[in-house]
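Have the viewer ready and follow along.

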Amino acid sequence: MFVWSKRLVAALLGLFVLTLGVFFLSTTPGNMSGLTMYVTGWVAINYLGLIIWVFVWMIDQTRMRGKNVWVWLVPFILAPLPTLMLFVLYLQRRIRPS
């Protein structure tokens with residue numbers, strides 16, 4: 001699981017924040033969207049399914065390592081991608097022998 005480097009995570013988090021900022025600055029209130037309700041619903045259902053699947057994976061990973069996953073639930077609901085990246089880095093920490 002040591003495929004993520006801190007430099008990669010920092011770049012991805014920076015890209016996420018930049019994209020989020022561009023999204024919020026480029027949307028103007030009152031404009032009609034070009035998406036139909038069907039497409040919006042389809043994307044929302046797929047996104048929700050992906051979020052559930054990833055959180056089940058997080059539960060599995062923490063159970064194998066004896067960690068608590070419920071601490072990650074609220075941040076994961078608010079911002080899934082950055083929380084997932086930080087969660088993977090958290091699980092990659094070196095285990096100190098006791």
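## A ring in between

Trp57 is partly exposed, with a relative accessible area of 31%. This value, like every other one here, comes from a predicted model.

Which ring does Trp57 pair with edge-to-face? The partner is Phe87: the ring centres lie 6.1 Å apart and the planes meet at 75°, so the pair counts as edge-to-face. Because Trp57 sits in helix H2 and Phe87 in helix H4, the pair ties together parts that are 30 residues apart in sequence. Phe87 itself counts as buried, at 0% relative accessibility. If you select the rings around this pair, you will find a cluster in which ring pairs link Trp57, Trp72, Phe87 and Tyr90.

## A second link across the chain

In total, the structure holds five aromatic pairs. One of them joins Phe55 and Trp70; it is tilted, with 5.7 Å from centre to centre and 55° between the planes. This pair also links distant parts of the chain, since Phe55 belongs to helix H2 and Trp70 to the loop between H2 and helix H3 (73–78), 15 residues apart.

Trp70, at 55%, is exposed, because exposed means over 50%.

## The nonpolar core

The largest nonpolar core has 12 residues: Ile51, Val54, Phe55, Met58, Ile59, Val69, Trp72, Phe76, Leu84, Phe87, Val88 and Leu91. Helix H2 (37–65) and helix H4 (80–91) are the elements that give two or more residues to this core. Of these, H2 gives the most, with five residues.

In soluble globular proteins, nonpolar side chains tend to be buried together.

## The chain as a whole

Now zoom out. The protein chain has four helices and zero strands, so its elements read α-α-α-α from the N terminus on. Of its 98 residues, 20% are buried.

The protein chain exposes about 8,100 Å², and carbon and sulfur atoms supply 73% of that area. Among contacts between residues at least 6 apart in sequence, 66% join residues at least 24 apart.

Methods: Residues numbered from 1 in each chain as written. Predicted model: local features only at pLDDT ≥ 70, side-chain atom pairs only at ≥ 80, totals over all residues. Heavy atoms only, no water. Core = buried A, V, L, I, M, F, W, Y, C linked by side-chain atoms within 4.5 Å. Buried < 20%, exposed > 50% of the residue type's maximum accessible area, 1.4 Å probe, protein only. Phe/Tyr/Trp six-rings, centres within 6.5 Å; stacked < 30°, edge-to-face > 60°. Contact = heavy atoms within 4.5 Å. Areas by Shrake-Rupley, 256 points an atom, 1.4 Å probe, with all protein chains shown as cover.
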